[in-house]
Amino acid sequence: MSLVITPWFGKVSIDDYIKAGGYQGARKALSMSPEEVIEEVKKSNLRGRGGAGFPTGLKWSFVPKESTKPKYLCVNADEGEPGTFKDKYIIKEAPHLLIEGVIIASWAVGINTAFVYIRGEYGKFALLLERAIEEAYEKGFLGKNIFGKDFSLDLFVHRGAGAYVCGEETALIESLEGKRGNPRIRPPFPATMGLYNCPTVVNNVETLANLPAIITKGGEWFASLGVEKSGGTKLFAVSGHVKKPGIYELPMGTSLKTLIYEYAGGIRENRRLKGVIPGGSSSPILKPEEIDIPLDYDSLMKAGSMLGSGAVIVLDETTCMAKVLQVITRFYAHESCGQCTPCRQGTPWMAKIAERIVAGRGRDGDLDLLVDIARSMMGKTICPLADAAAMPVIAICEKYRDELEEHIREKRCPVERE
Amino acid sequence: MKEISPKAMEKIEALIKRYPVKRSALLEVLHIVQQEWGYIDQEGEETVAEILDLEPVRVHEVVSFYTMYERKPVGKHIIRVCRNLTCTLMGAESLISYLKRKLKVDEGGTTSDGRFTLQTVECLGACEIAPVMQVDGEFYGNLTPEKIDRILEEMK
Ligand SMILES: Cc1cc2nc3c(=O)[nH]c(=O)nc-3n(C[C@H](O)[C@H](O)[C@H](O)COP(=O)(O)O)c2cc1C
Ligand code: SF4
Ligand code: FES
């Protein structure tokens with residue numbers, strides 16, 4: 001199997017990375033024209049790994065070529081979507097793969113300053129990354145006249161301070177400007193008016209880490225690893241009730257069932273599967289009979305869910321679904337920035353209802369109420385956090401209705417726990 | 001007025017230079033000041049505002065938005081236990097109860113000897129080793145009550 005990212009894991013120092021062939025992608029990219037690099041990335045069918053799956057080459061082409069203002073790259077290392085821990089592995093196991101990707105993206109778009117916005121809780125990994133950046137400056141891969149070209153690039157690490165919403169690209173930009181992480185109304189989009197109102201690209205860590213291979217091996221090669229409209233491989237972060245939780249890199253289009261049973265070792269203590277959240281806590285849950293599904297953006301969308309960040313959370317038969325509802329709704333209520341009424345009021349209301357169901361104080365009609373509140377939040381807000389809160393609630397209420405109704409009726413959890 | 005050490009001040013000045021707009025350094029400067037003083041109260045906000053030429057209210061609204069800034073004195077060690085989904089599936093709730101009993105504090109509370117502050121937090125990005133806690137920024141996973149006892153025992 002051809003892999004793109006994990007073969008570099010462990011090559012942490014710049015010398016080890018170079019010895020294994022590192023920085024050849026950046027070198028080659030700088031010998032191409034920026035247009036040629038963008039063309040190659042378009043051919044690769046690389047889609048954003050931060051959750052939305054937007055085609056990367058297309059996103060870059062929205063940035064004006066000629067700009068009197070400077071342009072910026074923001075690397076999204078906020079990694080806040082519950083269940084997600086893949087970018088952490090890239091940063092600690094192959095920091096130079098990310099730095100090389102940053103050089104390629106910056107060359108393609110004409111950027112001279114890039115910031116890595118990393119979540120505050122990853123403080124120790126931020127230090128590792130800063131060390132790697134120093135090494136790259138020492139070798140002349142960052143700074144002035146990179147690879148002898150008339151091209152300069154500065155790269156800085158910027159720590160967040162605990163706020164999930166700052167992973168949303170316009171909130172990230174506000175936060176980087178030293179403000180509260182309140183998402184901005186779009187349009188204008190960051191591509192034309194982002195950081196300091198200048199043209200800005202926001203890309204996820206994993207998205208950028210794919211670029212060196214796309215340049216060295218070609219866009220077509222990368223596209224051929226995946227399926228029709230999702231090129232390459234994907235890092236899946238598997239957690240929950242599996243025997244071997246961890247990171248697995250697999251071609252786009254691999255079956256979710258294969259990932260869980262062949263790679264992650266199947267369900268702990270060989271229990272029965274109850275459900276799988278396939279792409280972080282915002283993605284609608286799948287029932288056991290729905291998991292023989294190719295893991296790519298379009299297939300999951302068709303199944304009414306999302307590939308999202310590729311964070312696969314596995315639930316076995318001992319899981320209380322009311323509890324799952326409670327944890328998920330509490331999270332979004334805690335993280336809403338409060339700018340939009342449906343989100344500010346809807347998220348705590350859902351959390352309150354879920355909490356009372358768990359506590360045995362659920363009422364008749366609570367499930368319909370939850371679904372109504374969730375529906376009324378969708379598509380009406382500045383950022384998609386409200387939708388991210390609503391979608392999993394609707395799916396859980398619809399797919400596990402019998403159990404939840406029993407929980408409400410019996411005033412206690414119907415799932416036998418050991 | 002509390003002092004910022006010359007070493008921290010040096011770091012702050014270097015930081016400010018990275019950004020085309022001074023205000024951008026705010027989150028990073030607050031991290032440094034918090035490391036110096038342990039928390040950021042009104043005086044801390046005013047000090048940072050002065051360094052960055054900002055209205056104190058601009059600093060205040062940021063300090064109160066982000067969960068990692070402490071606004072009142074905390075213990076010598078901060079324990080952050082994850083309460084999000086994977087950790088809950090793997091038993092976080094009973095560990096949180098255990099920690100509360102062991103330390104005789106509620107969420108957000110500090111032990112009477114000032115050694116530990118206990119906080120519950122959302123997903124720490126370490127679900128592969130759930131249930132997880134962070135103590136002073138270091139990750140500890142696959143937690144059990146016995147393991148928690150050992151880890152806290154070693155923190156003086
Ligand atoms: C509430 C919310 C949280 C998000 N959190 C993250 C995150 O932690 N990391 C990330 O890369 N993208 C996150 N995103 C997606 C970003 O807005 C953006 O789409 C992404 O960084 C673009 O990069 P990509 O095209 O390379 O995926 C989040 C979006 C929303 C609405
Ligand atoms: S949807 Fe929620 S998080 Fe997003 S801007 Fe509105 S209130 Fe803030
Ligand atoms: S859910 Fe606890 S670390 Fe992710």
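Modeller: Here's a walk through that pocket, from its space to its lining.

This is a predicted model, where local features need pLDDT of at least 70, side-chain atom pairs count only at pLDDT 80 or more, and totals for chains, interfaces and linings use all residues. Residues are numbered from 1 along each chain as its sequence is written, chains are lettered from A and ligands numbered from 1 in the order in which they are written, and side-chain values use heavy atoms, with hydrogens and water left out.

The largest pocket holds about 1300 Å³ of space. A pocket here is an open set of points on a 1 Å grid over the protein atoms alone, where a 1.4 Å probe fits, with protein on both sides within 12 Å along at least five of seven lines; lining residues have an atom within 4 Å of a point. The volume is the space filled by probe spheres set on those points, which are joined across faces, edges and corners.

There are 50 lining residues, and A:Gly50, A:Gly51, A:Ala52, A:Gly167 and A:Pro384 sit closest to the centre. By class, the lining has 21 nonpolar, 17 polar and 12 charged residues. Ala, Val, Leu, Ile, Met, Phe, Trp, Tyr, Cys and Pro count as nonpolar, Asp, Glu, Lys and Arg as charged, and the others, Gly among them, as polar.

In chain A, H4, strand S1 (72–77), helix H5 (86–93), strand S4 (200–204), helix H13 (297–302) and helix H17 (385–399) each give at least two lining residues. S4(A) has the largest share, with 5 residues. Helices (H or I, at least four residues) and strands (E, at least two) are DSSP runs, numbered from the N terminus.

One last stop is A:Phe54, in the loop between helix H3 (34–43) and helix H4 (56–61) of chain A. A:Phe54 counts as partly exposed because its relative accessibility is 35%, between the cut-offs for buried (under 20%) and exposed (over 50%), using a 1.4 Å probe and protein chains only.
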